[in-house]
Amino acid sequence: MRHVAIVGSGPAGYYTAETLQKAEDIAVDVIDRLPVPYGLIRTGVAPDHQSIKAVSRRYEGVALTDNVRFVGHVSVGTDVTIDELVELYDAVVLATGAPNDRPLAIPGADRAGVIGSAAFVGWYNGHPDFARLGPPLDSAGVVVIGNGNVALDVARILAKTPAEFAGSDIVAHARDALAQSAVREIHILGRRGPHQIAMTPKELGELGHLERASPRVDPADLPDAGDDAMLEPGMRKSVTHLRSFAANPVAKPVTIDFDFFAMPIAIEGDGRVQRVIVERTTLDSELRSHGTGETYAVDAGLVISCIGYQTPPIPGVPYEHGRGRFASDEGRILPGLYAVGWARRGPSGTIGTNKPDGARIAEMLLADIGRGAGKAGRAGLDSLLATRGIVPVTFRDWRKIEAAEVAAALDGNPREKFTSIEAMLAAIGR
């Protein structure tokens, strides 16, 4: 029997397990520090994008196979070390994703009211690490830094009415706080221009259908319409949305302004953030942005940085600090130790990108381990955890947690997610 441990139960982890479980004579343990599976599907995907979250049913099909099991509420590095896992399993795959924010390296970034997108998204999605975040929503202005889909998600969530969250799984504390929000002016800052955004057409198009919010683009920031022909089709559709926002401004109580060619250079305020100093930029021939020296201020009581993510280091595991990911040779870190998904390649690609990545790493490690080395595998892990008084959460336990969340749902929402580990464990009688 061959034994494989996957650390992380998000898309990369379960896509890897999906390929592995089809092999003969193999047992796969998917380990997660939380008592609930699915990683960013649960706590990263926007709560009003339920169709995207439906992919978890595919992962459930993998988790219910005889040779794959979920080992929840076990923290690698604390409850069990990487070295111990490598000793117990023929292969260990790090599928921990990139849950940490890249730091915003400008003066004033440490002021109260400056929040990374991982924290803010985790707050409205009910991640236990961020449930008590309490972002300040008492000022009219908010600055969102970044030109990707996460920035769009953040702006959309801030702009929606309570009624527009019907059918979502946004958590109660966020729904209630947003209902009382004073936010009326949302600025999305991007260093470069409309042709350099990383925003997809679907997400941009949603902004044009918000009940009380209107997206706005300065026509002067748009390149000549004829230049759009050089763009790939998806990007061309995205820019078409921006052109529509510029041509058809609608007066609504909340505005979402796209500030292109805008680089934040400082955050100011007395004790907490009150304004963001922005420098206008221009692009060189290689489309790199450069400051022009011209600045302006944007009043804001909240700044949300959506400039990317990084994988947290694990002691003893080679790490590329500049790229925020584990150091590997196409996925091989050390003998018996692999990385997959964002932990391998950095925060790039979509959820679906992890499927071929997981399949490739699975096939690689199967070739590497051959018929296995007769290691203890899951029996060894169970014995080790038992000596430490640790009782893992099983997939059957997760189904009980899920059922309790569904039973607690309000207003037609699919579930009312538990936002603390204690509440999750209480649902299974612990």
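Analyst: Glu18 has a relative accessibility of 12% and counts as buried, the cut-off for that word being under 20%. The model is a predicted one.

User: What makes the contact of Arg58 with Glu18 a salt bridge?

Analyst: The closest N and O atoms of Arg58 and Glu18 are 2.8 Å apart. The rule asks for a side-chain nitrogen of Lys or Arg within 4 Å of a carboxyl oxygen of Asp or Glu, so the pair qualifies. Arg58 belongs to helix H4 and Glu18 to helix H1 (residues 11–20), so the bridge ties together parts that are 40 residues apart in sequence.

User: Why is Arg58 called partly exposed?

Analyst: Its relative accessibility is 37%. Buried is under 20% and exposed is over 50%, with partly exposed in between, so Arg58 falls in the middle class.

User: How many salt bridges does the rule give?

Analyst: The count comes to 35 salt bridges. One of them joins Arg156 and Asp48, with the closest N and O atoms 2.8 Å apart. Arg156 lies in helix H7 (residues 149–159) and Asp48 in the loop between H2 and H3, so this pair ties together parts that are 108 residues apart in sequence. Both Arg156 and Asp48 are buried.

User: What makes Arg344 and Asp357 a salt bridge, and how do you know that each residue is buried?

Analyst: The N to O distance between the two side chains is 3.1 Å, and the limit is 4 Å. Arg344 is in helix H11 (residues 342–345) and Asp357 in helix H12 (residues 354–369), so the bridge links parts that are 13 residues apart in sequence. Arg344 has 15% relative accessibility and Asp357 has a relative accessible area of 6%.

User: Why does Arg2 have no salt bridge?

Analyst: The nearest side chain of opposite charge, that of Asp25, is 5.9 Å away. A salt bridge needs a distance within 4 Å, so Arg2, though buried, has none. The residue lies in strand E1 (residues 2–7). Its side chain does reach the backbone oxygen of Glu24, at 2.5 Å.

User: Which residues are linked in a network of salt bridges?

Analyst: The network links Arg42, Arg57, Glu60, Arg399, Glu402, Glu405 and Arg415.

User: Which residues are closest to the centre of the second largest pocket, and which helices supply its lining?

Analyst: The second largest pocket holds about 240 Å³ of space. Of its 15 lining residues, the closest to the centre are Lys53, Ser56, Arg57, Glu402 and Arg415. Helix H2 (40–43), helix H3 (50–53), helix H4 (56–63) and helix H14 (395–407) each supply at least two lining residues, and the largest share, three residues, comes from H14. The lining divides into six nonpolar, two polar and seven charged residues.

User: What makes helix H6 largely enclosed?

Analyst: Nine of the nine residues of H6 (residues 117–125) are buried, so the helix is largely enclosed by the rest of the structure. Among them are Phe120, Trp123 and Tyr124. Just after H6, Gly126 takes a positive phi of about 80°.

User: Why is Leu384 called buried, while Phe261 is called partly exposed?

Analyst: Leu384 has 19% relative accessibility and Phe261 has a relative accessible area of 22%. Leu384 is in helix H13 (residues 377–387). The C-alpha atoms of Leu384 and Val80 are separated by 8.3 Å, although the two residues are 304 residues apart along the chain.

User: What is the phi of Phe261, and what is that of Glu330?

Analyst: Most residues other than glycine have a negative phi. Phe261, which is not a glycine, has a positive phi of about 50°. Glu330, also not a glycine, has a positive phi of about 55°. Phe261 is in the loop between strand E10 (254–259) and strand E11 (262–268), and Glu330 is in the loop between strand E17 (325–326) and strand E18 (332–334).

User: How do you know that Ser420 is buried?

Analyst: Its relative accessible area is 17%, against a cut-off of under 20%, so Ser420 counts as buried. Ser420 sits in the loop between H14 and helix H15 (421–426). A polar atom of its side chain lies 3.0 Å from the backbone nitrogen of Ala423.

Methods:
Residues are numbered from 1 along each chain as its sequence is written. This is a predicted model: local features need pLDDT of at least 70, side-chain atom pairs count only at pLDDT 80 or more; totals for chains, interfaces and linings use all residues. Side-chain values use heavy atoms; hydrogens and water are left out. On a 1 Å grid over the protein atoms alone, a cavity is a set of points where a 1.4 Å probe fits but cannot get out, and a pocket is an open set with protein on both sides within 12 Å along at least five of seven lines; lining residues have an atom within 4 Å of a point. Grid points are joined across faces, edges and corners, and a volume is the space filled by probe spheres set on the points. Helices (H or I, at least four residues) and strands (E, at least two) are DSSP runs, numbered from the N terminus. Ala, Val, Leu, Ile, Met, Phe, Trp, Tyr, Cys and Pro count as nonpolar, Asp, Glu, Lys and Arg as charged, and the others, Gly among them, as polar. Buried means under 20% relative accessible area, exposed over 50%, partly exposed in between (1.4 Å probe, protein chains only). Lys and Arg count as positive and Asp and Glu as negative; His and the chain ends are not counted. A polar contact is a pair of N or O atoms within 3.5 Å; within protein, one must be able to donate a hydrogen and the other to accept it, and residues adjacent in sequence count only if both atoms are side-chain atoms.
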